[in-house]
Every structure is written in structure tokens, then in C-alpha cells.
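Subject: Structure for your files, with notes

Hello,

Here is the structure I said I would pass on.

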Amino acid sequence: MSTPNTGVRHPSETSSYTDPVTGVEVRVLTSHPAGSPKPYQTHPTWTADGEWVLFRSERGGNGSQAFLVHEARGDIVQLTDDPGMDTGSLNLARDSNRLFHMRTRDGRRELVELQLDPLVENALAGRPGLTTPPERVVCVLPDDLRDSGGFAVDPDGSAAYWGVGWEQPAWAVGSERGVRTAVDSANTDPAEEREAARRRFAEAGRGPGGIRRIDLATGEITTVLDVDFRMGHVQVNPWVPGEIIYCHETTGDAPQRIWGVRADGSNNRPLYRETPDEWVTHETVSGPDELMFNVMAHLPYLATKPSGVAVLDLRTDAVRLLGQGPGQGFWHCNGSPDGRWAVADDFAGDVTLIDRRSGEQTVLTTGHVMKPDHTHPIFSPDSRRVLIQSGRLTEGRSLDLMVVEVPQALVERGPALPQPPR
């Protein structure tokens, strides 16, 4: 079905400014008042060719749709224009320029594969609105399952892993923006009694939940596992097909946050066995054999224990703390593909680079507001730049995409670790 805005090319919105605190140049990729959030930090954000950055926006007048922005030139291409589009979990393939997304059409929920190269080629040539968009319906999703935790695509492009639930929970009320704001307000309130918080999290974390494997060639759907808690943050190891990471989603602290399982349902296990006085969150795979996450310190009782950005060896369970930020500490984190760097944001919206060899911390950029959502930093595929979504320019009304270079002076202090095979 042809839609008028599919493949439309929009002019560049790029600009730059010098961070008033760090002196680092920040490059702004998007600045539309409708906002331009990127995928979550656990998912690919650059296309497989490394040229385009994926985001979603309501700028087209047909609800939230998928877009690409060319990182170097600033060209923006609209990829979808469908009233049934679901941009809650957008997944770029790592082996080719393809996008996987979900949508509702004719009363059916579908998983769709979209070939990006024909859309981009026609958009840049001034030929939008392909009569037959280069897409394929992978499968029709079961009516009795709802999304819970998003979905992720294996690095070899063979399968998708879909986080699901099958009961309407009490927490599924209100808009996503309203829920996010309410959660942040509650979770950062030092006056809330600890037991009251635990009761709140127990209610929000109720299941059941599960993961389904979708064969991307045939559309066959099979069960990976079912659990008795709310499924959250489904991701896959970008280097190891079939290795799935997921979490017990409570909108805050969990009794055991991080879990891992193989695609065939084997070796389901807790990752980093946390203690009752720890608040573990925002895990992301940072290397073929490791997971990075935050042990929080933003409340008085949490600050009495070791905390900060941590790295777990997925093969030996060994853990190493990389460091903690000032004040309330770090919030989200990510690792560079070459293994040299970590990056973390904090509650003030400052973004800090950590040299994993020395532990040295360097604030890259400041004042990104953390509204209407968090910065969710992620490294470029070549480990040289950090991409964030920022509320700085709009005082938290909408999000803009921004890129910061890793300072060359820091790079030259020592060679990068060998890059893992992809």
C-alpha cells in the first residue's frame, strides 16, 4: 500500500554548539519540535553500513513513524507512514540495511521486514512514495500475546526474540510519557519508605511473562521460555547469536534484575546475583563475553554500599566496578565495541566517558535535562562517537539527537583494545 510520506526526504536540521562547561563540540542531528527519540540503548541505532541513524518522530502527521538521519550530511528520510505503525521497538539488522518493526493492519498485528536501500535511494533521487514499498510481512502475531519488553534481532539475522505477556496488568495505564515522568519522580524521592517502594515494585513487576522466538525466514513462532514475572528489556548479544539477555521489569528495583537464556530455552539463569541492598539496572551487552550495568547510588541507603558502572564476565561471572559519578551517581551506561570505553549519564543529564584501562573519567557534555526521557548513550560502531537523545534545547519538552566525538587527546593516551570479531 503506497503512502504519501514513505520515502520523503526532509532537509538537514544539523547544527552544533560548544558545551559551556566542557568546551566540547556537540553536533545536533535533529531539531524538529515533534521530537526525535532514538531506539533504546540495547538496540542498534546505526544502519549496517554505518551511515544512517534511526529514530522515531510524529513530525509526519500520521502518528509516530520511523525515520533515518544521515550522520554526516544531515539528510532525513521517512521510512514509514502507517497509522497502525508501532515504533515502541524498532530493530535494525546488523548484517544488511533492513528494519524490523511491528504494526497493526486490518485488525492483525504483524512483524514486518523493510528493505532500507530502495527507500533511501529513491528518497535521495527525489522519488518518494513507492507504489510497492520494499517490505515483507514476516508473520502475523498471536492475538493472545501482548508486547512486554520489546523485541530484538539476532546478529546473524536469523531470528527475532519477542518479550510477551498475556494478562493486562494494573500498571498499563496512561501514556508512555506520563508513566515515565511518574516513575522517575517516585524512584528518585528520598522520602519514600524503602518497604513502600518494594511493595510498589512488587506490584509493577507481576507477570506472567515470556520470550518467543520468531524465525525471520519462515515466520514460525516458538517458545523460548515463560516466567512468573513481568518481562522486560529483551536484547541479544551482538556477537553471539542465540544469547538472550532480559530483565525482571518492575519500573525500578527488582529482587533479581538481570537474567540470561539461550534461544532454545537452555541455561536460563540470573546474571549478577544481587543482594537485597542493591539496586541494579540498565544492563547492556558491551562485548562478546560481557555485560555492563549500573549499581545505583541515588538514594541515601544505596550510597552506603559499593556502586557505579559494573562489568560482568558472562562466562566466569567475575564482576568489576569501573567507577561511580558524583552526587547521586550514574544512571545509564554503555560500552564501546572496541572495549576501550564506557559512557554513563547521571541525574543532572551530564554524560561522562570512562577509560576502562585507567578508570579515568572525563565529562563530555552537560545539561541534557533527562526529560521527557533519558539520554540513553550509545557508541558509534567505530567507537569514536557517542550518540544521545537530549531535552536540552527544548527544556525537556521534546528530544533531539546529538553526537559527541571522543576527544582525540584521550584516544592517543593508549591504543584501543583489539576489536572483537563481528
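The notes below go through salt bridges, surface charge, helices and some backbone details.

Please keep in mind throughout that this is a predicted model.

Salt bridges

The structure holds 27 salt bridges. Side chains of opposite charge can pair when their charged atoms come close. I describe some of the pairs here.

Arg 9 pairs with Asp 75, and their closest N and O atoms are 3.1 Å apart. Arg 9 is partly exposed, with a relative accessibility of 42%. Asp 75 is buried, at 8%.

Glu 135 and Arg 103 also meet in a salt bridge, with an N to O distance of 3.0 Å. Here both partners sit in strands: Glu 135 belongs to β10 and Arg 103 to β8 (residues 98–105), so the pair ties together parts that are 32 residues apart in sequence. Glu 135 has a relative accessible area of 30% and is partly exposed. Arg 103, at 5%, is buried.

This pair belongs to a network of salt bridges that links Asp 82, Arg 103, Arg 105, Arg 108, Glu 110 and Glu 135.

Another salt bridge joins Glu 192 and Arg 200, whose closest N and O atoms are 2.9 Å apart. Both are partly exposed: Glu 192 has a relative accessible area of 25%, and Arg 200 has one of 24%.

Surface charge

Which residues gather in a patch of negative charge on the surface? They are Asp 49, Glu 51, Asp 117 and Glu 121. Of these, Glu 51 is in the loop between β3 (25–28) and β4 (52–57). Glu 51 is partly exposed, with a relative accessible area of 37%.

Asp 144 is found in another loop, the one between β10 (135–140) and β11 (146–153). Asp 144 counts as exposed because its relative accessibility is 55%, and the cut-off for exposed is over 50%. The C-alpha atoms of Asp 144 and His 233 are separated by 20 Å, and the two residues are 89 residues apart along the chain.

Helices

Helix α1 covers residues 116–124, and its buried residues include Leu 116, Leu 119, Val 120, Asn 122 and Ala 123. Viewed down the axis of α1, the buried residues fall within an arc of 165°, so they line one face of the helix. Gly 126 follows α1 and has a positive phi, near 80°.

In helix α3 (residues 194–204), the buried residues are Ala 197, Phe 201 and Ala 204. Seen down the axis of α3, they fall within an arc of 60°, so they too line one face of their helix. Arg 200, described above as partly exposed, has a number that falls in the range 194–204 given for α3.

Backbone details

The bond from Gly 207 to Pro 208 is cis, with omega near 5°, and Pro 208 is in strand β13 (residues 206–215). The bond from Lys 371 to Pro 372 is cis as well, with omega near -5°. Pro 372 lies in the loop between β26 (361–365) and β27 (378–379).

Met 370 is found in that loop between β26 and β27 too. Met 370 is not a glycine, yet has a positive phi of about 65°. Is Met 370 buried or exposed? Met 370 counts as buried, because its relative accessibility is 4% and buried means under 20%.

Thr 251 likewise has a positive phi, near 70°, and is a residue other than glycine. Thr 251 lies in the loop between β16 (243–248) and β17 (258–262). Thr 251 is partly exposed, with a relative accessible area of 23%.

That is what I have to hand over.

Regards

How values were computed. Residues are numbered from 1 along each chain as its sequence is written. Side-chain values use heavy atoms; hydrogens and water are left out. Patches are made of residues with over 30% relative accessible area and no salt bridge: like charges are joined within 9 Å, nonpolar side chains (Val, Leu, Ile, Met, Phe, Trp, Tyr) within 5 Å. Accessible areas come from the Shrake-Rupley method with a 1.4 Å probe; for residues, only the protein chains shown count as cover. A salt bridge is a side-chain nitrogen of Lys or Arg within 4 Å of a carboxyl oxygen of Asp or Glu. Lys and Arg count as positive and Asp and Glu as negative; His and the chain ends are not counted. The place of a charge is taken as NZ of Lys, CZ of Arg, CG of Asp or CD of Glu. Helices (H or I, at least four residues) and strands (E, at least two) are DSSP runs, numbered from the N terminus. Buried means under 20% relative accessible area, exposed over 50%, partly exposed in between (1.4 Å probe, protein chains only). The arc is that of the directions from the helix axis to the C-beta atoms.
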